Amino acid sequence: MDIRPARTAAELQAAEGLFDGPAREEWSARFLAASGHLMLIAYVDGVPAGMVSGVEMTHPDKGTEMFLYELSVDEGYRRRGIGRALTLALAEEAKARGCYGMWVGVDTDNDPALATYGAAGAEDEGVFSMLGWNLTP
């Protein structure tokens, strides 16, 4: 397995089977151009097998932390440690960038995600509610 950062929209489009929908070229370019955005892709025999995306978040009184935005492993490659390896790679990159911590929101009934993050050293910080705003008409 080889884990490396995506640098081009073409790399994201080649890995779009790992996403919830198609990787639009303009959104891919915007993601990659944004400071503090990171996409790591795990390749097995040259094939995209998994990905993790992270976004740095900075606050005036807290400093910078990494938000693990999304983790995905292709169904055919699951249960091989790829999700754990991607999570650890993102944590290492966060450390290298000077982040004081990393966090992720997980549904409490998502046992595979909870196991993956736990295996990568994450600790449960308690239950919270997630509220959102749909800003599209």
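Aspartate 45 is exposed, with a relative accessible area of 78%; exposed means over 50% relative accessible area, buried under 20%, and partly exposed in between, with a 1.4 Å probe and protein chains only. Aspartate 45 sits in the loop between E2 and E3, and its phi is near 55°, a positive value in a residue other than glycine. This is a predicted model, in which local features need pLDDT of at least 70, side-chain atom pairs count only at pLDDT 80 or more, and totals for chains, interfaces and linings use all residues. Residues are numbered from 1 along each chain as its sequence is written, and side-chain values use heavy atoms, with hydrogens and water left out.

A second residue of this kind is arginine 79. Its phi is positive, about 65°, although arginine 79 is not a glycine. It is placed in the loop between E4 and H3 and counts as exposed, at 87% relative accessibility.

Now the sheet. Helices (H or I, at least four residues) and strands (E, at least two) are DSSP runs, numbered from the N terminus. Two strands pair if DSSP finds at least two bridges between them. Here 5 strands form an open sheet, ordered E1-E2-E3-E4-E5, with mixed pairing. At the edges are strand E1 (2–5) and strand E5 (102–103), each pairing on one side only. Strand E2 (residues 37–44) pairs with strand E3 (residues 47–59) in the antiparallel sense, over 8 bridges. Methionine 39 has serine 53 in E3 as its bridge partner.

Which residues have the most contacts inside the largest nonpolar core? They are Leu40, Val52, Tyr77, Ile82, Leu86 and Leu90, in a core of 17 residues. Such a core is a set of buried Ala, Val, Leu, Ile, Met, Phe, Trp, Tyr and Cys residues joined through side-chain atoms within 4.5 Å. E2, E3, E4, H3 and helix H4 (111–119) each supply at least two residues of this core. Apart from it lies another core, of 11 residues, among them Ala6, Ala15, Phe19 and Ala23.

Last, threonine 64, which lies in strand E4. Threonine 64 is buried, at 18% relative accessible area. Leaving aside neighbours within four places in sequence, its contacts (heavy atoms within 4.5 Å) include Glu56, Met57, Gly98 and Tyr100. Its side chain also makes a polar contact with the side chain of threonine 58, at 2.6 Å. A polar contact is a pair of N or O atoms within 3.5 Å; within protein, one must be able to donate a hydrogen and the other to accept it, and residues adjacent in sequence count only if both atoms are side-chain atoms.
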